[in-house]
Amino acid sequence: MSTFEHDLTKGNIWKQLVWFAVPFFISNLIQSLYSLIDLIILGHFGGTNSISAANIGGQVLVILTNLAAGLSGGGTVMLGNYLGSKRKDKINGAISTLFITLTVMAAAFMVLLFILKQPLLRLLDTPEEAFSQAEQYLFICTLGLLFIYGYNALSAIMRGLGDSRTPMIFVMIACVINIILDLVLVAGCHLGAGGAAVATVFAQGCSMLFCIIYLKHHDFMFDFKPSSFHFIKEEFHTLLRTGLPLSIQMVGTNFSFLILTTFINRAGGVAASAAAGIVNNFNGFAILPEAAISSAASAMIAQNMGKKDVKRSSKTMHCCLVLCIGVSLVVFTLMHIFPEQIFHLFGVKEDVLVYGMPYIFAFSFEYVGLPFIMSFNTVSTATGNGWITLVTNMISAFIVRIPLAYVLAFLCELGVRGIAISIPIATAVGAIISFLFYKTGIWKKHILL
């Protein structure tokens, strides 16, 4: 077994899950600091308009990033399954096909965003005060899609092979570059949201390129030479089967939040948009431990199901659930004890707090159902049953969250607070559905590949 391969089918489950999740968590934590640091610096040196612009433009990019993340997650499951079932001869073909697929997708979305960025921002009811900066932010970040997709592919490959440490190293380097450029371009040169976008894109490019150079010089199984890239239809079909439901689910969920952003813009304008952006970014930070634990559990389950070890896979999910509940309790408590401090961290004014305080209180209940939906969906994803996760999240997003948000915000006249209330209710419904799917045992009968 090479330096980059780790067997997750043996040993103590608790120890392995924590050991594998910690680098995962640190990587995701640092990566999330991109947007968090952007908002903090924008709040202090760019003002409310810059925060709103970065929030709206960033949500569009999150949708496109999650398309890559979903397919990359499918790649992680494929590679973990190949490694667990001792079919290493298929690994290089899977890596090559994943890279080619994501490169083509990145190029296609770059062209589409260049053409549609203004109509898209209009469709989202972007406040006029923030429109020019939102357009600039979106344009610059679009140029970096290839880097975003490339790094997602590299991270998925490493994690599928049981290595969560290597991605962590290079995202740490990228974060340092991002902070330095934020301070220079936003705080020093006063370039607003555009400066933050340049910093993020350049940092992500460095992360991807440095990682490739490192792997090439450490005898990684795939050499990244042009002649080594081959598109294999069989692997592409497997990638779509494992990753496409996850991509659709992630994009659908984010699209539902994009619609909520439109509701928020209508209900409260730029101050409400900034308040929701701060809560969303805090949530993106706070959810990281659970995301890391569930992602680590997914990689472990993928390897164990490749070995056809259903019992160990089930135990891994239960360990994941317990750890996620513990994290949720901590986050829920912090959001109730220190809500104002969270907003003051971004240097906001009182008009933002008027919308922000009721929003964060209602949103905090998201952490009641979150551990359950994440843990049960992990099993479905890792066993190639991504359609279960897709159905669960689509019902949660489009049957519950969006209609309920509209009714509470505009018909019941609760405004932004009503939109926030809809979020945890939808998650609770999704958690119940995912639990029922888990209890049917479908995931045991349909082992991937």
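Val270 is buried, because its relative accessible area is 17% and buried means under 20%, with exposed over 50% and partly exposed in between (1.4 Å probe, protein chains only). The model is predicted: local features need pLDDT of at least 70, side-chain atom pairs count only at pLDDT 80 or more, and totals for chains, interfaces and linings use all residues. Residues are numbered from 1 along each chain as its sequence is written, and side-chain values use heavy atoms, with hydrogens and water left out.

Val270 belongs to helix H8 (residues 233–286); helices are DSSP runs of H or I with at least four residues, strands are runs of E with at least two, and both are numbered from the N terminus. Leaving aside residues up to four places away in sequence, Val270 touches Thr48, Asn49, Ser52, Pro127 and Glu129, where contact means heavy atoms within 4.5 Å. Ile56 lies 214 residues from Val270 along the chain, yet their C-alpha atoms are separated by 11 Å.

For the chain as a whole, 84% of the contacts with a separation of 6 or more join residues 24 or more positions apart. Of the 449 residues, 61% are buried. The chain contains 16 helices and zero strands, and its C-alpha trace spans about 60 × 45 × 35 Å along the principal axes.

Confidence is expressed as pLDDT, the predictor's value for each residue from 0 to 100. The chain has a mean pLDDT of 84, and 96% of its residues reach 70 or more. Helix H10 (residues 310–337) has the highest confidence, at 93, whereas helix H16 (residues 442–445) has the lowest, at a mean of 78.
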